[in-house]
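Subject: Structure handover

Hello,

Please find the structure below.

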Amino acid sequence: MKTTDEPIIIEQTFNSSVESVWISITEIGQMQKWYFENIPAFKPVVGFETQFNVQSEERNFLHIWKVTDVQPIKLIKYSWEFEEYPGKSTTAFEILKENNQTKLKLTVETLEDFPDDIPEFTTESCRAGWEYFINGRLKEFLRNV
């Protein structure tokens, strides 16, 4: 992922309230059920930081998140960095009410280039990961809440 890449945008509409979607993306107990089960803590508060490791094949990715913007029940944004690799991005979750449904718009922007030689850092890999989480796991999670 490079700063010259277009932002990655994933949108999904849920048959859930805006409050339910907000809680699912900001409350640690719910995040662990559909997102990363090993997130140790999370708070929708600007400045909050958390770290957790994700292993892919033989590589470790120590995720470092810092919340940068919060508008309760509307938007949460945090930066993503990895201890072992250069690069930085932001992920924004925007919640919009549409008729009797809730639309979630996820936007990933690259602030500092990631390495070219790591497959997980390609734009295609990032997009596929977010589609898996938002269009797959979160959608299924909210269907059962």
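By class, 13 nonpolar, 6 polar and 1 charged residues line the largest pocket. Here Ala, Val, Leu, Ile, Met, Phe, Trp, Tyr, Cys and Pro count as nonpolar, Asp, Glu, Lys and Arg as charged, and the others, Gly among them, as polar.

Some ground rules before the rest. This is a predicted model, where local features need pLDDT of at least 70, side-chain atom pairs count only at pLDDT 80 or more, and totals for chains, interfaces and linings use all residues. Residues are numbered from 1 along each chain as its sequence is written, and side-chain values use heavy atoms, with hydrogens and water left out.

Back to the pocket. Its volume is about 470 Å³. Of its 20 lining residues, Phe 36, His 63, Trp 80, Phe 82 and Glu 120 lie nearest the centre. At least two lining residues come from each of β2, β3, β4, β5 and α3. Helix α3 gives the largest share, 6 residues.

The structure also holds 1 cavity of 30 Å³ or more. The largest cavity has about 40 Å³ of space. Its lining consists of Met 1, Asp 5, Glu 6, Pro 7, Ile 8, Val 108, Glu 109, Thr 110 and Thr 123. Strand β6 supplies the largest share of that lining, 3 residues. The classes there are 4 nonpolar, 2 polar and 3 charged.

For the terms: the search uses a 1 Å grid over the protein atoms alone. A cavity is a set of points where a 1.4 Å probe fits but cannot get out. A pocket is an open set with protein on both sides within 12 Å along at least five of seven lines. Lining residues have an atom within 4 Å of a point. Grid points are joined across faces, edges and corners, and a volume is the space filled by probe spheres set on the points.

Now the sheet. It is open, with 6 strands in the order β1-β6-β5-β4-β3-β2 and antiparallel pairing. From one strand to the next the twist averages 25°. Strands (E, at least two residues) and helices (H or I, at least four) are DSSP runs, numbered from the N terminus. Two strands pair if DSSP finds at least two bridges between them.

Pair by pair:

- β2 and β3 run antiparallel, joined by 8 bridges. Glu 49 stands opposite Lys 66 in β3. The two strands form a hairpin with 2 residues between them, and Glu 57 in the turn has a positive phi of about 55°.
- β3 (residues 59-71) and β4 (residues 75-82) pair antiparallel over 8 bridges. Trp 65 faces Trp 80 in β4 as its opposite residue.
- β4 and β5 run antiparallel, with 7 bridges. Ile 76 stands opposite Phe 93 in β5. This is a hairpin with 2 residues between the strands.
- β5 and β6 run antiparallel, with 11 bridges. Thr 90 stands opposite Glu 109 in β6. Their hairpin has 2 residues between the strands, and Asn 99 takes a positive phi near 55°.

Next, the helices. Helix α1 (residues 18-26) lies across β1, β3, β4, β5 (85-98) and β6 (101-112), and runs at about 160° to β5. Helix α3 (residues 123-143) packs on the sheet and touches β1, β4, β5 and β6; its direction makes about 10° with that of β1. Contact means heavy atoms within 4.5 Å. Axes are lines fitted to C-alpha atoms, for helices over the stretch in contact, and angles run from 0 to 180 degrees between N-to-C directions.

Last, the rings. Rings of Phe, Tyr and Trp (its six-membered ring) pair if their centres lie within 6.5 Å; planes under 30 degrees apart count as stacked, over 60 as edge-to-face and the rest as tilted. That rule gives 31 aromatic pairs. One is edge-to-face because the rings of Phe 42 and Trp 65 have centres 6.1 Å apart and planes at 85°. Phe 42 lies in the loop between α2 (28-34) and β2, and Trp 65 in strand β3, so the pair ties together parts 23 residues apart in sequence.

Best wishes
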